[in-house]
Amino acid sequence: MKRFARLEQIRRMDPYREATEIYRLSVAYEFPWDFTRALELALYRTYAVPSIGRLLAETAELTERTQKRYDDTSLLLDAVVEHGFGSDQGRTAIRRINQMHRSYDISDDDMRYVLCTFVVMPKRWIDSYGWRRMSRHEIVASVVHHRTLGRHMGIKDIPETYEEFETCLDSYEAAHFAWDEQARWVSDATLDLMSSWYPRPLAPLLRTATLALLDDSLLRAFRYTPPSAATRAWVRRAVRLRGRAVRLLPPRRAPHFARQNREIKGYPYGYRLADLGTRPVPGVRGCPVRHVAASDAEAE
């Protein structure tokens, strides 16, 4: 198989009718490492919105059970990618996502913003650091896939095009990014988690490298001291060189899904999708009384 054969395959597909299949090819074959990194940073940047960061701190899900929260989020979202919306696995994953979110007082604006990060941040990352840029077919397919995900989650007023997703993300961040002490706790816990995946002596270096990949608006919101210009340039150049090296490799012949990532450490003996995630108790750990009187029908 030639290096660009799968891209040629994608371009022969319909990005509207075959959106999830195209998205699966991009995520599991073309850019598995890049999508993992991009979605990590996508979720991470949502903490800079105080209403999101404070809620995560109050539930303690990302300060006391950071690895489990990381694992569960990755596995639930990726089950939909791997198996599709109409599969038993996809429906189970969406049902669990909805059950968790409905237990908290989360605004529709915050939900929409998080969805926007899933669409925008992978494209920005891959265009900057991937072995090639995302094609228009892949961009449209990502939009269609996530619009479908958003509808299953009951999110209102979902953007219709990539450009609308990008505008929504940028304007929301400009209006809402701000300092919050509890959000900083969540950020620090997440940086500690990422460092824990590697030998302990490398932790300070990995923390600095991660901060070097963040944009100024995030650094300001969390009040981190920005790495030096030289450090930021070196780290970003290293990640770009990694992408150029991948370009020289033969194309991936077998898919790589999130459940295969070495960063998923909480389930060495396997897991059931129906058991993943949290089951909040009203009045405990930031969980209000259930405020959405709706069934889980849209997950079906």
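1. Leaving aside neighbours within four places in sequence, which residues is arginine 232 in contact with? They are Ala212, Leu214, Asp215, Asp216, Leu219, Pro226 and Pro227, where contact means heavy atoms within 4.5 Å.

2. The model is predicted, so local features need pLDDT of at least 70 and side-chain atom pairs count only at pLDDT 80 or more, whereas totals for chains, interfaces and linings use all residues. Residues are numbered from 1 along each chain as its sequence is written, and side-chain values use heavy atoms, with hydrogens and water left out.

3. Arginine 232 sits in helix H13; helices are DSSP runs of H or I with at least four residues, numbered from the N terminus. Arginine 232 counts as buried because its relative accessibility is 16% (buried is under 20% relative accessible area, exposed over 50%, partly exposed in between; 1.4 Å probe, protein chains only). A polar atom of its side chain lies 3.0 Å from the backbone oxygen of leucine 214.

4. In helix H11, the buried residues are Thr210, Leu211 and Ala212. These pack against H10, helix H12 (216–222) and H13.

5. The second largest pocket holds about 510 Å³ of space. On a 1 Å grid over the protein atoms alone, a pocket is an open set of points where a 1.4 Å probe fits, with protein on both sides within 12 Å along at least five of seven lines; lining residues have an atom within 4 Å of a point. Grid points are joined across faces, edges and corners, and the volume is the space filled by probe spheres set on them.

6. The lining of this pocket has 20 residues, and Tyr198, Leu206, Ala209, Thr210 and Leu213 lie nearest the centre. Helix H3 (32–45), helix H10 (181–196), helix H11 (203–212) and H13 each supply at least two lining residues; H11 gives the largest share, 5 residues. By class, the lining divides into 15 nonpolar, 2 polar and 3 charged residues.

7. Histidine 256 is in the segment after helix H13 (229–247). Its relative accessibility is 22%, so histidine 256 counts as partly exposed. Apart from neighbours within four places in sequence, histidine 256 is in contact with Val27, Ala28, Pro32 and Asn261. Its side chain makes a polar contact with that of asparagine 261 at 2.7 Å (a pair of N or O atoms within 3.5 Å, one able to donate a hydrogen and the other to accept it).

8. An unreviewed UniProt entry lists residues 42–241 as "domain: ER-bound oxygenase mpaB/mpaB'/Rubber oxygenase catalytic". Over residues 42–241 the chain is 73% helix and 0% strand, with the end C-alpha atoms 22 Å apart.

Definitions and conventions:
Nonpolar A, V, L, I, M, F, W, Y, C, P; charged D, E, K, R; others polar. UniProt positions renumbered as here; feature names shortened; annotations may be inferred.
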